[in-house]
Every structure is written in structure tokens, then in C-alpha cells.
Amino acid sequence: FGAMTGLYGAIQPADSVSLSTRTHGAVFNLEYSPDGSVLTVACEQTEVLLFDPISSKHIKTLSEAHEDCVNNIRFLDNRLFATCSDDTTIALWDLRKLNTKVCTLHGHTSWVKNIEYDTNTRLLVTSGFDGNVIIWDTNRCTEDGCPHKKFFHTRFLMRMRLTPDCSKMLISTSSGYLLILHDLDLNKSLEVGSYPILRARRTTSSSDITSSGSSGPRAVGSPCHQNNSGPLSEKTLSRPSQREGASPRNSLEVLTPEVPGERDRGNCITSLQLHPKGWATLLRCSSNTDDQEWTCVYEFQEGAPVRPVSPRCSLRLTHCIEEANVGRGYIKELCFSPDGRMISSPHGFGIRLLGFDAHCSELVDCLPREASPLREIRSLYSHNDVVLTTKFSPTHCQIASGCLSGRVSLYQPKF
């Protein structure tokens, strides 16, 4: 770990891929293949770019990958990957045959923003601004698409993620709520009232937990889709566990994560990432007035089984840092390093490498009693515009970043 810390401490801008913004526009998302051999770039226009990250050579441009902005890319394995777009579709691609799509998936009715993949069931999971989370059965994929079903719906949906073991689904919203589906079962579609709801609350101190536990559920402004019968009843909210010693499958928790300086103003959770070992979640939050942005780390609290009188509190704020308030209106995608010891965060015209302490310790080895500042390890600047996304290589000591003017920069150690 000391060697890796030394490598990242010596990291510098290595190569930049400057391409004309006339063709592809801003860089919205970056994704490495699992073996680190390919770097894919999702662009503001209709293009997807592919590079060799070691030589920085351009491999291929998918010039008409979609009919609108390409928002996200997700590899299913070392050769298959999926892209999603504002044209409401998802496309599957094979690195061995990039001239044509494997298939195009239709099911969303608005911009598709996020793709996840359950390696256990081989189910593709997507979410969009239509508020829907849709499951796609890639086991039965044909040229005409894949069988699919709507799994979940919520208002104001921004991002959706699966934990590494696929036991939980997290959903962030533009209204400041964070939804967590526990003991996840993707084979069961969730209709209104079909899932147990754990009491909505704010993730704050232990004294707040005690007081909020007796204050009753929060119905007004809840992002969960309601039927015409009105807010969900107390009876529904306090439904006991269906299995002794464990919460029911797909039990829903509604949280309002604590954000420094935002107690009375509300915030929008724009970016959501998971620790590679499933220990924590990483959020980028902006105030509703767009005058502040924060990066926050929340530790998962796996406590006693859910009881009717004791709501679950899954997350605790452990670390945070204020971000540069530039590029208002654009979402900045941040990420954990492969070992989970560092965070790469867009910061103005560059990126910052952040650690939980000055020694880049494991999160579990430096958990504070109260929320502490993230430590800045390095700042790297090589762009001439606002950086929107950054990504660690899964196999090499390399970081990629992309900005609003369409430039992709690579960083690696220099001695």
C-alpha cells in the first residue's frame, strides 16, 4: 500500500487527447474495460470514442452510436458493453464487431442516464429521467432487443447504483432524497404498496436518530410514487419482517443524507458512486440555489434487524469536502480508486485526489467519531474548461478525465 501511495503521489498529466468539439462535444462519462485495455468515452453529441489507454491511441469512433447525447457506458465483460442516451434507448456493443450494434433496447420514455449490471443473474439494470428503473434479461437477447420489465418507479430520479455484491440498490434524487432497496431481488417487480417501507429519516447524529424515530413517517414530498389512496399508512410503514432475523426482500428505506451547510436549504444529489468493497457510498451534492457543491462519504451501518419501533439507519456521514462551484448545471461524475483508498473528484478545470486521511488509509481503519474533512492528496490541472468526469483505471496506475470542451486527459506516474 505504501508503494501504491507513492505511485499516486508521483502522478502527473501524461497525455491528452484533443479532439474537435464540432464532432463530439463535451465528455459526459468515461469507462475502462474490466481488464483496463480499452477506455471508452461518452460524448455530448451522438458519438462514443474508444482509446488504448496505455499508448493513448485512438482505436475507433462510433459516430452515430445514438441519435442524441450519450450519457453512460457500462461493460458487461471484457468485450460486451452498453451505452445509454437522451434518445431514450440503450445499445449493446461487442468490441470484436463495432460496425454494428448487437441490439437496441427500447423501454424508457425519457433520457436514460444510468446503467448497472448484475453479474450473478446477468440482468442489465437502467434508469432514466422518466423515473423508471428497468430490468433487461440479457440471457435472452436477440437482434430485436431483450425481454424487459419495469422494476421500480420514483419521482425526481437522478442516479441508480447496485452495491458490488448486488444486495442493495441505491437511488439518488434531485429533491435530496436517497432511496435504498435492501436485500435486493431483481426478479420481483415492485408495484405501489408491494414493498415494505422503512421510516424516512435524516442521516445525522445518534441523538437525531432517537428523536426522528418517534416523529413518525415523512409523507409530504416523498419521492416514492403514490396511488390515489393518499400517503402510505403507518401500518404499511411499520410492517414487521417477513423472515425472522432479517428484513423483507426489497424493503425500501428513504433517507435525507446530511450535507454540510444544507440543513435548511435542501440539495440535489447529482452523482452517486459505491465503494468497491461495498463499505460506503460517495455522493456529489449541490444546493438548490447552485451556490455550493459538496463531496460526501457515508458509511453503511449494518445494525440490528428492522423492527416496527426502530427504523433502520443505514448511512452515517464520515467525510466531506466542499467543491469548486463552477460549471453550474452540469453533473460532475467522481469515483473511488480500485482499492477504495482514494477518491478522484472533478474540481474546476482539473481533478483532486482525496483520501480519508493523509496516509490514504482504508476507510475502516480511520473512521472518525464525527464527520471529518477529506484530505487533498494531489491536485492535477491539464484542462482549459470545466472537468465533468473522471475515472481510475482498474488495472494500471492511471486516471482519466474529460471536460466540457471535449478534451480527454490521462494521468500516470512520472519520476
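The chat below goes through a sheet, some rings and the cores.

Q: What kind of model is it, and what gets counted?
A: It is a predicted model: local features need pLDDT of at least 70, side-chain atom pairs count only at pLDDT 80 or more, and totals for chains, interfaces and linings use all residues. Residues are numbered from 1 along each chain as its sequence is written, and side-chain values use heavy atoms, with hydrogens and water left out.

Q: OK, sheets. In what order do the four strands of the open sheet run?
A: The order is β6-β7-β8-β9, with antiparallel pairing. Strands are DSSP runs of E, at least two residues, numbered from the N terminus, and two of them pair if DSSP finds at least two bridges between them.

Q: Which are the edge strands?
A: β6 (70-75) and β9 (103-106), each of which pairs on one side only. From one strand to the next the twist averages 20°, with axes as lines fitted to C-alpha atoms and angles running from 0 to 180 degrees between N-to-C directions.

Q: How many bridges between β7 and β8?
A: Five, joining residues 80-85 and 89-94 in the antiparallel sense. Thr83 stands opposite Ala91 in β8.

Q: Switching to rings. How many aromatic pairs?
A: Rings of Phe, Tyr and Trp (its six-membered ring) pair if their centres lie within 6.5 Å; planes under 30 degrees apart count as stacked, over 60 as edge-to-face and the rest as tilted. By this rule the count comes to three. In one of them, Phe75 and Phe81 have ring centres 5.3 Å apart and planes at 40°, so that pair is tilted.

Q: And Phe81 with Trp93, what are the numbers there?
A: Their ring centres are 6.4 Å apart and their planes at 15°, so the pair is stacked. Phe81 is in β7 and Trp93 in β8, so the pair ties together parts 12 residues apart in sequence. Phe75, Phe81 and Trp93 form one aromatic cluster.

Q: Is Phe81 buried or exposed?
A: Buried, at 0% relative accessibility. Buried means under 20% relative accessible area, exposed over 50%, partly exposed in between (1.4 Å probe, protein chains only).

Q: Last topic: how many residues in the largest nonpolar core?
A: It has 19 residues, and those with the most contacts inside it include Val125, Val133 and Phe151. Such a core is a set of buried Ala, Val, Leu, Ile, Met, Phe, Trp, Tyr and Cys residues joined through side-chain atoms within 4.5 Å.

Q: Which element gives the largest share?
A: β14, with three residues. Apart from this core lies another of 17 residues, among them Leu170 and Tyr298.
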